[in-house]
Amino acid sequence: MDELHDQVARIVAQSTPRQIETILRGVEADANTTAATAVAAVVAAARGEGPAVPTGSRALAAAQRGEQYDHHRVALFARVVADLQRQPLVDRIVIDTARARYVPFYEAYFSNYIEGSTLTVSEARRVVFDDADVGKPEDSHDIRATWEIVTDIEEMSIRPADADEFMDMLRDRHRVMMAAHPSKKPGVWKDESNSAGATTFVDPDLVVGTLRAGWEEGQALTDPFQRATYMMFLVSEVHPFLDGNGRSARVAMNGELVPHHMHRIIIPTVLRNDYVSALSRATAGNGPAGLYRVLDRAQQWVAQGEFATLERADRYLRATYATTDAGVAAVDGIHLRILRPGELDEIEDPGYPSATPVTEERSIFDVAADVAAQNSGA
């Protein structure tokens, strides 16, 4: 019966009122009265025009709530869940909390940088830790707001009990992160279609239903790292807001790790292309294995990291090529480096080849940007 309900709900969602009436007349002509009446009742329920019908069908239940969903996306989510369950388990617990002290700062920084923030690391530090005005009000708000969310352990440890709580959490965090962008309607589901490259994301009218169905599919996952990968993919694939979707997805991702005292995942600049490419492959139906590997490496980089002080973290970023532009890295064959314990102190730190001195006002990352620009123009 649930399969029949699924089929009826999909037909109703994809058909015009005239087409539905034609189908009903055909059922009346070909089926007995009892069967025809039962089908008509299910059609009326799916159209919101009759009493609700008890059902185990997700599609009909959604239709009766007035929520349609993207059937193609939900089928994709089901396949991703099944594929993730076959991936090797990843279990990296934070043992030395002091060593990971400034991880949330770099999480906030890179999550905004990957979305086009123009703040240098030194500027971001001043904004976050000194409440400084660096002349970039929107970017400054974004880094500060993201940092306030990800550094709040209570907030990052919220475990939604159901899809409604999950969606409320998404909207609340988005409202904070995007408050400096009123045109992007902070905390409000999108009312316009959005896309990236050849990918068109979920239609605005289907956002709530698709998030709910996606959340329900994800409940089959119990491993924190698998759930982190899935929740990031779910939010990214739906793209429920006009802007700020990537940041929302990555906060949701780490929200699955923090409650289990696992290391967070940060996508440093050098990994951006690998991350985006792996997301695109998963969207195209090629499975989440590539995305899983990228996130695994990103988390391993964090777990091996030196984040006890900002100065120590700076040196770690330099030694591992974390801030190298992804395009430059692809041309020059540069990859994110994973250091073994104690190796950072064995590596000579030559800095960057530039005549420009590094000062408190001008960080090593500003100098590195100049060098990359000079090399790309050579």
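The model is predicted, so local features need pLDDT of at least 70 and side-chain atom pairs count only at pLDDT 80 or more, while totals for chains, interfaces and linings use all residues. Residues are numbered from 1 along each chain as its sequence is written, and side-chain values use heavy atoms, with hydrogens and water left out.

- Most residues other than glycine have a negative phi.
- Look for His-239 in the loop between helix H12 (224–238) and helix H13 (245–254). Helices here are DSSP runs (H or I, at least four residues), numbered from the N terminus.
- His-239 counts as buried because its relative accessibility is 16%. The cut-offs are under 20% relative accessible area for buried, over 50% for exposed and in between for partly exposed, using a 1.4 Å probe and protein chains only.
- Tyr-321 also has a positive phi, about 65°, and is not a glycine. Tyr-321 sits in the loop between helix H16 (310–320) and helix H17 (326–332), and at 37% relative accessibility Tyr-321 is partly exposed.

**Aromatic rings**

- There are 16 aromatic pairs. Rings of Phe, Tyr and Trp (its six-membered ring) pair if their centres lie within 6.5 Å; planes under 30 degrees apart are stacked, over 60 edge-to-face, and the rest tilted.
- One of these pairs is Phe-129 with Trp-147, edge-to-face at 5.8 Å centre to centre and 75° between the planes. Phe-129 lies in helix H7 (residues 121–130) and Trp-147 in helix H8 (residues 137–150), so the pair ties together parts 18 residues apart in sequence. Phe-129 is partly exposed, with a relative accessible area of 34%.
- Phe-225 and Tyr-292 make an edge-to-face pair too, with 5.1 Å between centres and 85° between planes. This pair links distant parts of the chain: Phe-225 in helix H12 and Tyr-292 in helix H15 (residues 289–303), 67 residues apart.
- Phe-225 is buried at 0% relative accessible area, and Tyr-292 is buried at 2%.
- One aromatic cluster includes Tyr-102, Phe-105, Phe-129, Trp-147, Trp-301 and Tyr-316.
- The charged end of Arg-227 sits over the ring of Trp-215, 5.8 Å from its centre. To count, NZ of Lys or CZ of Arg must be within 6 Å of the ring centre and within 35 degrees of the ring normal.

**Cavities**

- The model has three cavities of 30 Å³ or more. On a 1 Å grid over the protein atoms alone, a cavity is a set of points where a 1.4 Å probe fits but cannot get out, and lining residues have an atom within 4 Å of a point. Volume is the space filled by probe spheres set on the points, which are joined across faces, edges and corners.
- The largest cavity has a volume of about 70 Å³. Its lining includes Arg-159, Phe-166, Met-169, Arg-173, Trp-215 and Glu-256. Helix H10 (residues 163–177) gives the largest share of that lining, three residues.
- By class, the lining of the largest cavity has seven nonpolar, one polar and three charged residues. Ala, Val, Leu, Ile, Met, Phe, Trp, Tyr, Cys and Pro count as nonpolar, Asp, Glu, Lys and Arg as charged, and the others, Gly among them, as polar.
- The second largest cavity has a volume of about 40 Å³. Among the residues lining this second largest cavity are Glu-107, Phe-110, Arg-250 and Ile-266.

Terms used. Helix = DSSP H or I, 4+ residues; strand = E, 2+ residues; numbered from the N terminus. 1 Å grid on protein atoms, 1.4 Å probe; cavity = no way out; pocket = protein on both sides within 12 Å on 5 of 7 lines; lining within 4 Å.
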